[in-house]
Amino acid sequence: MRLLIVGTLKGQLTTATKIAMDNGASVTHAEAAEQAMNVLRGGKGADLLLVDVGLDIRDLVMRLEAEHIHVPIVACGISNDARAAVAAIHAGAKEYIPLPPDPELIAAVLAAVANDARDLIYRDEAMGRVIKLAQQIAGSDASVMITGESGTGKEVLARYVHSRSARAKRPFISINCAAIPEHLLESELFGHEKGAFTGAVARRIGKFEEATGGTLLLDEISEMDVRLQSKLLRAIQERVIDRVGGTKPVPVDIRIIATSNRNLSEAVREGTFREDLLFRLNVVNLKIPPLRDRPADILELAQHFARKYAEANGMPVRPISTDARRILTANRWQGNVRELENTIHRSVLMAQGDEIGAEAILTPDGDRLDLARTAPAVAHATLAAEQVTRALVGRTVADVERDLILETLKHCLGNRTHAANILGISIRTLRNKLNEYADGGIPITPAGNGAPDYQRMANAG
C-alpha cells in the first residue's frame with residue numbers, strides 16, 4: 001500500500017503518517033498539488049492520496065484527470081470544518097477523515113483502498129492443486145499466465161504469487177489492459193516524455209518503471225492491441241522500455257504476471273495475439289477452475305463473506321442455514337466468486353432471525369436464487385432432455401435402436417446411403433436391419449422419396 005500525503009496541516013499529518021506506516025503503508029509527502037503531481041509523474045506512484053482539505057482539491061482532481069492518473073483522494077481536516085469536508089467530497093474526494101486522526105479509521109480506509117482483505121480462501125482439492133503450483137514457482141522470476149473465467153480470482157492469485165516471491169517488499173503494480181483506451185495504454189505502460197503528444201505537459205513514468213524491482217500485473221492482456229504487443233515483447237525479452245517520445249531505452253527489472261479470461265491459443269489462430277508473446281508470458285500457467293468445478297470452496301467462501309460483510313455493516317455474524325447451504329451449492333455461479341460474494345453481501349443485509357436462511361439468498365432483482373426463472377431457451381432444452389430421457393426408460397436396446405434407424409431413414413427421405421452415414425454404420429448393416437424390420441411387418445420408408453439412392457439405382461439396372 002503506497003500513501004501520498006499532501007499538505008502540512010499543523011503537524012496533524014505527522015500522526016497520520018505514523019498510523020499509516022504502522023499499518024504497513026509506505027508513505028511519501030508533498031506540500032502542495034504541483035509537488036504531488038511531480039511525485040506521481042516521477043514513478044513513485046500511490047494507491048491513495050491523503051490531502052489537506054485546505055488545498056484546492058478540485059484543481060488537483062482536474063490535474064489528475066488531465067494526465068490520466070487514476071488514484072483515489074481522501075480529504076482530511078480539523079473535525080469542526082464541516083463545510084470544507086462537504087466541498088471536498090463534491091470536488092471528487094472519496095472520503096473525509098477528521099483530524100486529529102483516529103487510528104482505526106485510517107486503518108480501515110487504507111484496507112478498503114488497498115483491498116488487501118481479499119484473502120485467498122479455498123478448500124477444494126481442485127483449487128489446492130493450483131495453489132501448490134503457485135507456491136512452487138512463486139520464488140522464481142518466471143513469467144506467469146493466470147487464466148480462468150471472469151470472477152474466479154485471478155488478481156487475488158497474482159497478489160498471492162507476488163507476496164511469496166523475493167520481490168514481496170517491492171511494488172505490486174496492476175494495470176487493466178481492457179479498461180484503458182488503446183491510444184492511452186502505451187503511455188500508461190511505458191510512460192512518455194514532455195511534448196510527446198497533446199496533453200503531455202511533463203515527463204511521466206509508466207507502470208514498467210513504477211514496478212521496477214517488483215511485479216507488474218497485466219490484467220486481461222488478451223485485449224491489448226497487436227501493435228502494442230510487439231513493444232511489450234521487446235520489453236520482456238530485453239528488459240528495456242522506450243518511453244513515448246523518448247530517445248533512449250530505459251532499463252527495467254520486473255516480473256510479469258498476466259491474466260486472461262479468453263483462450264489465447266485461439267486468439268493466436270485468429271491473429272489477434274502474438275504467438276511469440278504467448279510463449280514469453282506462458283512460462284507457467286495457473287489455470288483457476290470455475291467455482292462450479294470446486295464445490296468445496298462454495299461454502300468456505302460463503303462463510304468468509306458472511307463474516308466479512310457482517311463486520312463491515314456492523315451486524316451480527318450469523319451462520320448459514322442448511323437450506324441456504326443447499327441453494328448455494330446447487331447454483332451454477334456463472335459469475336464465479338464475484339457473483340457469490342455479491343449474493344452473500346445481499347443475504348447479510350436481507351437476513352432476519354438467527355441464521356441466514358433460504359429466503360435471504362436472492363438474485364439482484366430480489367427473487368429467491370433457487371426459484372429464479374430459468375431462461376426460456378435453457379428451460380426448453382432442459383424439458384426436451386427430460387422428455388427424451390423419460391422416453392428411453394423401460395425400453396430395450398433393440399427397440400431404441402430400431403426407432404433410431406427408422407426415424408433417421410425417414411429424416412433422409414428414404415435415402416439409405418445418407419442414413420447409414422448419419423448412423424455411423426455400413427450400408428450392408430442398414431439393409432440387413434431394414435429387411436429384419438420388414439419381415440416383422442414394420443413399414444419402412446421406401447427408397448426413392450429423397451435424393452438418389454444407390455440400392456434403388458442398382459435394382460433398377
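Modeller: Buried residues make up 43% of the 461 residues in the protein. The model is a predicted one. Its secondary structure comes to 20 helices and 12 strands. Of the contacts with a separation of 6 or more, 69% join residues 24 or more positions apart.

Now the close look. Start with Val61, which sits in helix 3, residues 57-66. Is Val61 buried or exposed? Its relative accessible area is 14%, and buried means under 20%, so Val61 counts as buried.

What does Val61 touch, leaving aside residues up to four places away in sequence? The partners are Ile73, Ala91 and Gly92. Val61 and Pro72 are 11 residues apart in sequence, and their C-alpha atoms are 9.3 Å apart in space.

Helix 4 covers residues 82-91. Two packed helices are described by the angle between their axes and the distance between the axes. For helix 3 and helix 4, the angle is about 15° and the axes are 8 Å apart. Angles under 35 degrees count as roughly parallel, so helix 3 and helix 4 are roughly parallel to each other. Their crossing is right-handed. Helix 3 contributes Ile57, Arg58 and Val61 to the contact. Helix 4 contributes Ala88, His90 and Ala91. By class, the contact of helix 3 with helix 4 has four nonpolar residues, one polar and one charged. An α-helix has 3.6 residues a turn, so residues three or four places apart point the same way.

Helix 13 spans residues 295-312, and helix 14 spans residues 322-330. They pack at an angle of about 125°, with axes 9 Å apart. Helix 13 and helix 14 are therefore oblique to each other. The crossing of helix 13 and helix 14 is right-handed. On the helix 13 side, the contact uses Ile298, Leu299, Ala302 and Gln303. On the helix 14 side, it uses Arg325, Leu328 and Thr329. The residues of this contact divide into four nonpolar, two polar and one charged.

Helix 7 runs over residues 154-163. Seven of its 10 residues are buried, so helix 7 is largely enclosed by the rest of the structure. The buried residues are Lys154, Val156, Leu157, Ala158, Tyr160, Val161 and His162.

Last, the aromatic rings. A search of the whole structure finds one aromatic pair. Phe190 and Phe208 form that pair, and it is stacked. The ring centres are 5.2 Å apart, with 15° between the planes. Phe190 lies in helix 8 (residues 182-190) and Phe208 in helix 9 (residues 207-210), so the pair ties together parts that are 18 residues apart in sequence. Phe190 counts as buried, at 1% relative accessibility. Phe208 is buried too, with a relative accessible area of 1%.

Notes
Residues are numbered from 1 along each chain as its sequence is written. This is a predicted model: local features need pLDDT of at least 70, side-chain atom pairs count only at pLDDT 80 or more; totals for chains, interfaces and linings use all residues. Side-chain values use heavy atoms; hydrogens and water are left out. Axes are lines fitted to C-alpha atoms, for helices over the stretch in contact, and angles run from 0 to 180 degrees between N-to-C directions. Helices (H or I, at least four residues) and strands (E, at least two) are DSSP runs, numbered from the N terminus. Angles under 35 degrees count as roughly parallel, over 145 as roughly antiparallel, 65 to 115 as roughly perpendicular and the rest as oblique. A crossing is left-handed if the near helix is turned anticlockwise from the far one by less than a right angle, and right-handed if clockwise. Contact means heavy atoms within 4.5 Å. Ala, Val, Leu, Ile, Met, Phe, Trp, Tyr, Cys and Pro count as nonpolar, Asp, Glu, Lys and Arg as charged, and the others, Gly among them, as polar. Rings of Phe, Tyr and Trp (its six-membered ring) pair if their centres lie within 6.5 Å; planes under 30 degrees apart count as stacked, over 60 as edge-to-face and the rest as tilted. Buried means under 20% relative accessible area, exposed over 50%, partly exposed in between (1.4 Å probe, protein chains only).
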